[in-house]
Protein chains: 2
Amino acid sequence: MTITITAFDRSPDGGKGLARDTRVRWALEEVGQPYDVRLVGFPELKQPAHLALHPFGQIPTYEEGDLALFETGAIVFHLAERFAGLLPADADARARAISWMFAAVNTMEPPILDLTTARIFEGDKPWAAERLPLVQARIRPRLDQLAARLGKAEWLDGDFSAGDLMMVSVLLRLRPSGMLDDYPTLAAYVARGEARPAYQRAFADQLAVNTRA
Amino acid sequence: MTITITAFDRSPDGGKGLARDTRVRWALEEVGQPYDVRLVGFPELKQPAHLALHPFGQIPTYEEGDLALFETGAIVFHLAERFAGLLPADADARARAISWMFAAVNTMEPPILDLTTARIFEGDKPWAAERLPLVQARIRPRLDQLAARLGKAEWLDGDFSAGDLMMVSVLLRLRPSGMLDDYPTLAAYVARGEARPAYQRAFADQLAVNTRA
């Protein structure tokens, strides 16, 4: 059955790979599944046809036959469960990889997204400059703890997994801030993720959409 | 094998059920599994023994034989996968329930947590009063969209699932703000969750910890 995902017609990041379809594209490339992309403009996101697929009017969505899914983490998990390559076979190792998927979206991503919010949506507010260090200070303990756990390992728990895919993707959001530069082991971890051929293909494909004439 | 979770020795909420062990207790009650609780004080959270279990020094954790997990969402999912009662048998319905689990922690919870952060950690800042409406305004579209999707249904997608358990738990964090009162169908949804015998037992057990002499 054909897999179809949605992506922004024009991503707000202009193709830097930060829109969440990149995570799903990456997962699809890791598991070697072909897919179609339906591009959606901003006005369409909030219209009934798209809201039927995604109750919060976002991208990406995932369609495969009668199945329609939303939420990047859930789509990546569905792919990881259905196809080999993103979750270990051992039951305990699999459960730990899923812990890292949730840690990426629920422990690491919220303070990182706050930084984006502070810069983009509150950058013109009178408190912007004074508040920014507070927002950054809420991210640093998480980065310290993640770096401590990763140590000298290549990936978070044994082989590359969907947990790494999600964590690298979340950390990539931090790169424009320069904060990753203070964490060389995390920067190297992110670079290892980006160097994977599957990531390279996913990145190139979203870039092609966002730089087309 | 005995299941052991960790919880705060004294929860910052004094037993209102907002500490995340309540979510795991609720899941354990729904699937009918007995469990032990090890209480952890704040200084211990950041010590090596606990960090070995939870890299971010939080509660809850989950131990069962050789398996150690962290992240509430991952623990609830592990229980839902292992025992009957929290995920539908049909593969597509199961994948959709997992979408709601991720939606709860990655789409709904971050703006709701921002409200807690604004009140608790930035409540004394000069921008607190002026910024609060912005933070609330980022939650309302999510509540509108969730209410629209729920409609007149009892649960988000068919029978009660781990997706509802997580979503109700996230919405409960919003109750102190009064914002839920503007959404009667969501308030009723949360009340249905709270009325479940499994939730009642979980709530009572965490309350007993926090009100013991």
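Student: How many salt bridges does the rule find across the interface of chain A and chain B?
Tutor: Happy to start there! This is a predicted model, in which local features need pLDDT of at least 70 and side-chain atom pairs count only at pLDDT 80 or more, while totals for chains, interfaces and linings use all residues; side-chain values use heavy atoms, with hydrogens and water left out. Residues are numbered from 1 along each chain as its sequence is written, and chains are lettered from A in the order in which they are written. A salt bridge is a side-chain nitrogen of Lys or Arg within 4 Å of a carboxyl oxygen of Asp or Glu, and across the interface of chain A and chain B the rule finds six.

Student: Which residue of chain A meets B:Arg138 in a salt bridge?
Tutor: Side chains of opposite charge can pair when their charged atoms come close. A network of salt bridges links residues of both chains, including A:Arg131 and B:Arg131. In one of the pairs, the N to O distance is 2.7 Å, and the partner of B:Arg138 is A:Glu122.

Student: Which helix gives the most to the side of chain A that touches chain B?
Tutor: Helices are DSSP runs (H or I, at least four residues) and strands are too (E, at least two), numbered from the N terminus. Among the elements that each supply at least two residues to this side are helix H3 (48-53), strand E4 (67-70) and helix H6 (128-150) of chain A. The top contributor, with 18 residues, is H5(A).

Student: How much area is buried between chain A and chain B?
Tutor: Contact means heavy atoms within 4.5 Å, and 52 residues of chain A are in contact with 52 residues of chain B. Buried area is the accessible area (1.4 Å probe) that two parts lose on being put together, summed over both. Carbon and sulfur atoms give 59% of the total, which is about 4300 Å².

Student: What rotation superposes chain A on chain B?
Tutor: Copies are superposed by least squares on the C-alpha atoms of residues with pLDDT of at least 70 in both. Here the shift along the axis is 0.0 Å, the RMSD is 0.0 Å, and the rotation is 180°. That is the relation of a two-fold axis.

Student: Is B:Arg23 buried or exposed?
Tutor: Buried means under 20% relative accessible area, exposed over 50%, and partly exposed in between (1.4 Å probe, protein chains only). B:Arg23 lies in helix H1 (residues 21-30) of chain B, and B:Thr72, B:Leu165 and B:Arg173 are among the residues it touches, not counting those up to four places away in sequence. Since its relative accessibility is 3%, B:Arg23 counts as buried.

Student: Which residue does B:Arg23 meet in a salt bridge?
Tutor: The partner lies in helix H5 (residues 91-120) of chain B and B:Arg23 in helix H1, so the pair ties together parts that are 86 residues apart in sequence. The side chains meet at 2.7 Å, N to O, and the partner is B:Glu109.

Student: How far apart in sequence are the parts tied together by A:Arg196 and A:Glu30?
Tutor: The closest N and O atoms of this salt bridge are 2.7 Å apart. A:Arg196 is partly exposed at 22%, whereas A:Glu30 counts as buried at 17%. A:Arg196 lies in the loop between helix H8 (184-195) and helix H9 (197-210) of chain A, and A:Glu30 in helix H1, so the parts tied together are apart in sequence by 166 residues.
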